[in-house]
Amino acid sequence: MTSYSPLAKIKPEGGVMDSIQEIAIYLHRFHNLDLFQQGWYQIKITMGWEDGGITSLGIPARVVQYEAPDLGSDDIHGVWRIDDKDNSFLTQPFRIKYAKQDVLLSVMIAFNLSLSQFQGPSTTPVSINFELLFAPITEKRSKLQEVLAACPASVHQFRIPPKALLGLHSYCPVHFDAFHTVLVDASIHVSLMKSDYLTSPQVPRGSGTAEDTIAEAIAKSNKAQNLMLSVDMKQMMPVKALLDARNLLLEDLKKLSKGVGRAIDLTDFMLKVNDVTLLHSIVQASLGAGSNAEVSGQGKPQNGLEKQKSNLPLDFRRSGLVGNLAPDDLLDIYNFLGDQVLHLWNTFLKFHRDNRTKVLEFLRDTWAKDRRAEWSIWMVYTKVEMPHHYIHSGSDESSHHGKHKRVSSLWKLPDDPAQTAATRAELHRRSIAQMKINSRSIQDMYIFGDPSRIPIMIVERVMNAPRRTLSENSYLRNIDCMNLRSSDIVGKRLGVSIPHQKSRDLKIVVFVHGFQGHHLDLRLVRNQWLLIDPKIEFLMSEANEEKTSGDFREMGHRLAQEVILFVKKKMDKVSSRSAKLRDIKLSFVGHSIGNVIIRTALADMIMEPFLKYLYTYVSVSGPHLGYLYSSNSLFNSGLWLLKKLKNTQCIHQLTFTDDPDLHNTFFYKLCKQKSLANFKNIILLSSPQDGYVPYHSARIEFCPAASRDYTKRGKVFLEMLNNCMDQIRSSSPGHRLFMRCDVNFDTSLYGKNLNSFIGRAAHIEFLESDIFARFLMWSFPEVFR
């Protein structure tokens with residue numbers, strides 16, 4: 001084994017302290033989540049400084065193929081390559097034929113970017129482009145590369161902010177877009193390097209003693225001291241940057257070692273610890289023996305990694321010290337640090353190669369934990385107390401002039417809660433537009449490209465009244481406590497071992513479309529759920545496709561039959577594999593009237609044996625209280641036409657015209673059924689911009705119009721609301737999570753058209769955007785696992 005002495009390097013010509021940015025990208029696998037077309041696919045990667053220009057492009061410097069692809073397979077064509085025309089890296093083309101197909105890539109690509117245009121470390125972000133190239137499956141292999149290069153099917157862009165360029169190790173999932181939804185498991189690793197590190201020779205350890213090297217350096221420094229050359233602070237910036245890069249790399253190695261559970265061998269690096277005294281000598285020789293310059297360090301040495309965190313023995317920000325250091329001394333320090341960073345970087349690369357899967361898993365777990373904090377910019381958290389009851393007098397209306405009593409704890413309702421919510425979200429959106437976001441995390445440009453265009457989510461946790469004495473000031477702390485309790489329960493359940501027999505949980509999610517919808521309408525929400533928990537079994541309900549104009553009871557029965565058949569099929573599949581079924585979690589997601597169909601199915605007698613398995617319910621803009629109070633006159637006119645011209649039965653039921661007596665209407669009876677009582681988690685998604693579903697109906701809450709209605713209709717509405725809330729209200733604190741989530745889309749994207757005018761745009765945006773689902777699911781992952 002050979003090593004090198006810190007000051008034995010050949011200095012760059014002219015004594016220039018040039019640095020380069022090294023960014024390594026590890027591609028682990030390509031997972032087909034929801035590609036629409038079979039065919040040949042290829043990933044192309046380019047990067048460069050965000051200010052643009054051909055000189056700002058990153059250059060692929062090294063490629064390491066950890067595992068060789070199966071070149072004999074019909075699904076692989078050729079090998080990876082580098083295109084010198086645009087300094088891009090391209091994986092080998094691979095053929096995708098079916099859903100959930102995995103392609104192992106297992107390759108590390110290191111790009112170098114020049115820092116010559118900067119005075120010190122970069123103040124410009126780095127932009128990374130992942131392009132998905134496509135060719136039809138029928139394409140001849142001889143022309144495959146030509147067709148693939150013609151036009152990218154999709155591009156996913158990321159940004160590395162300047163703060164992260166000194167050192168970063170992060171998971172970076174690549175999904176491309178809604179029409180090409182995949183998962184490329186990737187990680188990005190960043191460090192600052194000395195520019196001559198690829199060509200500088202390494203001197204064997206035995207080429208000279210440390211005492212000789214120190215004496216030579218001191219003599220050289222004494223000679224330089226006589227000149228007393230002044231050093232500009234700009235000359236110190238590369239040295240300070242390398243110092244920070246070294247310390248960050250040491251800290252990251254420590255975290256990776258601990259997270260992976262594998263020790264990192266720093267034996268060679270430890271042998272050079274005593275060379276730090278050389279730097280003391282240089283400083284003392286430059287300052288003179290009587291100098292009172294500070295010598296500082298970072299932390300006390302504790303172990304192999306922490307021992308290396310000691311800072312350089314000088315404070316670079318002290319102008320007196322800088323002014324007395326000779327340029328050659330700075331260059332020696334720069335070379336010393338550059339060698340240290342290079343050694344640590346090579347140590348990391350070897351460690352990553354030996355532990356690549358565990359490193360990726362650790363970085364992915366860290367990334368997942370950071371999502372709530374990272375995306376909290378667009379999420380506003382509130383907490384309200386659930387009223388004991390919305391009550392009326394209970395006596396005949398004439399004796400009390402038809403007035404309803406309200407519980408004293410109820411707040412005064414604003415005249416238009418939807419408008420109030422929209423105004424609140426718009427104010428938050430304006431504040432985001434004024435923010436300057438410069439974190440140390442990789443930024444997904446689908447989100448960070450224009451932060452003010454991203455949906456604003458107002459998350460309202462509804463607390464049971466008995467929970468008042470247990471609640472704390474922090475909303476997130478309540479959520480964390482709930483998650484910890486649920487994790488403990490799961491952990492105990494998983495800890496019950498069954499001798500000589502495998503056991504597993506069966507997690508099923510049923511997605512139900514709305515009026516005249518398609519079974520794939522909720523596929524974007526499904527895809528996000530699959531990213532949270534790849535082990536779920538999902539049912540995209542087709543039982544009522546093209547059959548959503550009839551009676552809700554018939555639609556509910558068809559859905560119940562479809563769900564039971566699916567659940568039994570999956571249970572039999574587990575049994576056929578000689579595994580014991582440990583637990584079943586049955587969750588539902590509905591859009592629009594799909595939520596009414598779900599509740600009707602759960603009230604069907606044939607579903608009764610399965611109610612004990614209900615887990616999470618996500619309602620996406622569902623009219624849970626019908627259209628008894630709807631303020632959208634244009635939409636109401638459309639409903640009236642559907643009833644008169646087509647006699648659409650479900651519209652009669654939604655508008656309470658299916659029976660002259662309101663107490664005999666379908667919706668009134670549905671609200672008395674215990675269709676919501678068995679879910680562990682209930683999340684109601686609504687939008688104040690959605691004109692198709694009354695705001696209060698989607699949120700299952702009181703509305704101003706009902707508060708002023710002293711007729712029988714007002715009383716019926718109040719009874720329906722109470723019946724629903726009684727189902728949601730938990731009998732014990734912490735038993736159920738109940739949240740209302742307002743999603744406020746950027747309406748400027750819609751333009752002025754009929755859809756936005758009648759309120760349909762926001763209703764459909766729930767199906768065409770997945771950012772709201774991404775924010776919700778990664779902020780509350782325990783609800784979706």
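**Salt bridges and burial, questioned**

Reader: Why is R526 called buried?
Author: R526 has 7% relative accessibility, so R526 counts as buried. Buried means under 20% relative accessible area, exposed over 50%, partly exposed in between (1.4 Å probe, protein chains only). This is a predicted model: local features need pLDDT of at least 70, side-chain atom pairs count only at pLDDT 80 or more, and totals for chains, interfaces and linings use all residues. Residues are numbered from 1 along each chain as its sequence is written, and side-chain values use heavy atoms, with hydrogens and water left out.

Reader: What makes D34 and R526 a salt bridge?
Author: Their closest N and O atoms are 3.3 Å apart. The definition asks for a side-chain nitrogen of Lys or Arg within 4 Å of a carboxyl oxygen of Asp or Glu. D34 is in strand β1 and R526 in helix α12, so the pair ties together parts 492 residues apart in sequence. Helices (H or I, at least four residues) and strands (E, at least two) are DSSP runs, numbered from the N terminus.

Reader: Why is R740 called buried?
Author: Because its relative accessible area is 4%. E460, at 14%, also counts as buried. Salt bridges that share partners join E460, R699, E701, R740 and D742 into one network.
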